[in-house]
Amino acid sequence: MSQRATITVHTDAPSKHRLNPYIFGHFVEDIRDHMDAMLAFALKDMDFEDEADARGVSSGWHAVTNGKNTEYALEPAAPRHSGHSQRIRIFSADRCYGGIGQRVSVEGGVPYRVTIVARAAMDLRAAVCELVDRESGERLDRAELQLRGHRWGEYELELTPARSCERAEFRILLSSEEETWRDGMGSGMLWLDHASMLPSTSMGYVKREVVELTRRLKPGMMRIAGNYISAYHFEDAIGPVLERPNMINEAWGGWTNKYFGTDEFLQFCRDTDTEPLICVNAGTGTPEEAAAWLEYCNGGVDTKYGALRARNGHPEPYGVRYWEIGNEIYGSWQHGHCTAEQFAHRYNRFADAMKAVDSDIVLLACGDCDPEWNKTVLGISAEKMDMLTLHIYHGFGTVGILPGTPKEERYPAVMSFPEISRAVIRMTEEIITGNPAYSHVKLAITEYNTMYYPNTIREGRPMEHTLEAAVANAANLNEFIRQSHLIEIGSYSDLVNGWLGGCIRVGDGYADQYRGKEAGWSERSRVVYGTPTFHVMEAYANRSIFSVLPACTDCATFDWPSGSKRFDLAPGPLPVLDVTAALDESGHKLTLFVVNRGLAPVEAELAIGSFVGAGNAKVWELTGDDYETINDVFHPEAVIVRERQLEFGSSQPVLAMKPHSVSIVEVSK
């Protein structure tokens, strides 16, 4: 039986401020598989940077030979390159083939541009690149590589697989079966310093599907930052990609991806029509380096770094306006961790150096959910900042969710996400409004998500991907809209795969719910899809909303037994409906964002003032039978937003909502 409710919207009292669409922004970070999933390269370990296996082959590859004596070793890289080169040696007397291979998934009929950096012994005139089905042995395509001698050279060729194959193998092979040479010093050797495969369908280096799904999100703003940024130096990832150094990712382990540097990020922002937000390294970096990064992005060709950008193929300044100084510097996990007072003085030095390069930029300072940190930073640095940042991750740290918390206890705790955000924002706003000198400072929630902490991604169902998480994130977005007089930016963490709940998911080898299984086991490793939260964010960001309207509810409640000790929120009842409303710029379109956080259906009468005579409305609804439902490679659209019409006569319309659901109602007059 449905619960009854009333939603009242005061359509004659729009807010005086404009809602900033940047609150629907997103976030990319070089963390775990984020870049591997986002970028279109079919091969990994493209620069042979990994350690050698027992055969002497870089561990992202494996030996392919029928020769008894074929030798492998890692040696120094080509000039201006870093990492290793892979040496392969076959012997004429063996009458064999020898080379290296890597498992890969390919799409049939799509040309792949293969780029190889190599040099060879004088007696080797050719090598072969091929794609084969590693189970049946069927050759999917083959191309000959005409070797140009003992000096390093760059080679390009094309492979077009005859059909799609999940369990393909890319191979680079030499042969002594038809050639004869003296097996003496320097014979039969090939050195490889780079090998990559990029499908013709990619947009730059990014998967086309990722670009297309990101466009659907209409993010407004795209942030590049995260823990790795505090040990990141932008000059390591600009210029010719093959000459960029291979760098250890000091925050997360593995290698920092050198193929997605400043220029690639800004091209991605252009391809997705998003405003870039760059977080500079305030950990191991310096004010001078941050100013140089800004000059690289915005400086004219008559400046040192603007000229460097032009030499790298980008003569026009990018005009990056939003810059964040410091990522979670308050945390002991961060390079450059320090006290609030130390950071504030550090921030001032960065701000002065960057404003000297471009006085029109908007500067964000690293804030914290701890009000004491914010009091100190604002007290020292408020006049030099435009926004203060907050990161809000909802889980153990906020409401005590543990890996073993039963789902019936976890669900109401997760549904309290907007109450948590409200408490954090309220504490920060009290500081800002408490001093007239801070009145210009706005908030940027540059990271947020649902999460377990300790993280349970590798132990149980990842809450970040569920319908439950989408409902919680929708209610949280409602809070951002309600608080949009203060909040200018929101950045959902992450965009693609990554650590938490990348709202765009790529394949089975990356998706956390299948961690531990071999990539390609599902035969669907190239599937790119959106999580339930993706569909929520797409629905929200694509609405025409300009000014916020007051909205109130008369509805049932659910019990919130945990409360939040950290934010001094006592256990107690919470309303099942979380609602906010907005008008478009013309004032002729009303949008209601209604989240049913309860476990029962609700029928809500909509008191919508001057819009009651419209007679019909569009409704976008996200729901499912089980709040733990996820989208995956087998069911990529198990939970999606569906559109329907809501017809009503002269009386108030009634919105019927399913349990744990999100409804967006749009009424025009």
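Helices (H or I, at least four residues) and strands (E, at least two) are taken here as DSSP runs, numbered from the N terminus. I am working on a predicted model, where local features need pLDDT of at least 70, side-chain atom pairs count only at pLDDT 80 or more, and totals for chains, interfaces and linings use all residues. Residues are numbered from 1 along each chain as its sequence is written, and side-chain values use heavy atoms, with hydrogens and water left out.

**Entry: R644**

I looked up R644 and found it in strand β32, residues 641–647. Is R644 buried or exposed, or partly exposed? I sort residues by relative accessible area: buried is under 20%, exposed is over 50%, and partly exposed lies in between (1.4 Å probe, protein chains only). R644 is partly exposed, because its relative accessibility is 29%. I count a contact when heavy atoms lie within 4.5 Å. Leaving out residues up to four places away in sequence, R644 touches A617, K618, V619, E621, L655 and A656. A polar atom of the R644 side chain lies 3.1 Å from the backbone oxygen of A656. My rule for a polar contact is a pair of N or O atoms within 3.5 Å; within protein, one must be able to donate a hydrogen and the other to accept it, and residues adjacent in sequence count only if both atoms are side-chain atoms. I also checked R644 against A54: they are 590 residues apart in sequence and 60 Å apart in space, C-alpha to C-alpha.

**Entry: T580**

T580 sits in strand β28, residues 577–583. I list T580 as buried because its relative accessibility is 2%. Beyond its neighbours within four places in sequence, T580 is in contact with N478, I481, R482, V548, A551, T591, L592 and F593. T553 is 27 residues from T580 in sequence, and the C-alpha to C-alpha distance is 9.8 Å.

**Entry: helices**

I turned to α10 (residues 417–433) and α11 (residues 467–482). Their axes come within 8 Å and cross at roughly 30 degrees. On the α10 side, F417, P418, S421 and R422 make the contact; on the α11 side, A472, N473, A475, N476, E479, F480 and R482 do. Axes are lines fitted to C-alpha atoms, for helices over the stretch in contact, and angles run from 0 to 180 degrees between N-to-C directions.

How many residues of α13 are buried? Ten of the ten are, so this helix (residues 532–541) is largely enclosed by the rest of the structure. The buried set includes F534, H535, M537, E538 and Y540.

Most residues other than glycine have a negative phi, and most peptide bonds are trans. I therefore went through the exceptions, as most peptide bonds are trans. S493 and D494 are joined by a cis peptide bond, with omega about 5 degrees. D494 is in the loop between β21 (487–492) and β22 (504–506). N497 belongs to the loop between β21 and β22. N497 is not a glycine, yet its phi is positive, about 50 degrees. N497 counts as buried because its relative accessible area is 0%.

R95 has a positive phi too, near 50 degrees, and is a residue other than glycine. R95 is in the loop between β5 (84–89) and β6 (97–106). R95 is partly exposed, because its relative accessibility is 40%.

What does the side chain of S176 reach? The S176 side chain reaches the backbone nitrogen of R95 at 3.4 Å. S176 lies in the loop between β11 (165–175) and β12 (189–199). S176 is buried, because its relative accessible area is 0%. Setting aside neighbours within four places in sequence, the contacts of S176 are I90, F91, S92, D94, R95, C96 and W181.

**Entry: rings**

I pair rings of Phe, Tyr and Trp (its six-membered ring) if their centres lie within 6.5 Å; planes under 30 degrees apart count as stacked, over 60 as edge-to-face and the rest as tilted. This rule gives 24 aromatic pairs. Y330 and W333 form an edge-to-face pair, 6.2 Å centre to centre with 85 degrees between the planes. Y330 counts as buried because its relative accessibility is 16%. One aromatic cluster consists of Y228, Y232, F234, W293, Y296, Y305 and W323.

I also looked for charges over rings: NZ of Lys or CZ of Arg within 6 Å of the ring centre and within 35 degrees of the ring normal. R543 lies over the face of W620, 3.9 Å from the ring centre. K669 lies over the face of F611, 4.6 Å from the ring centre.
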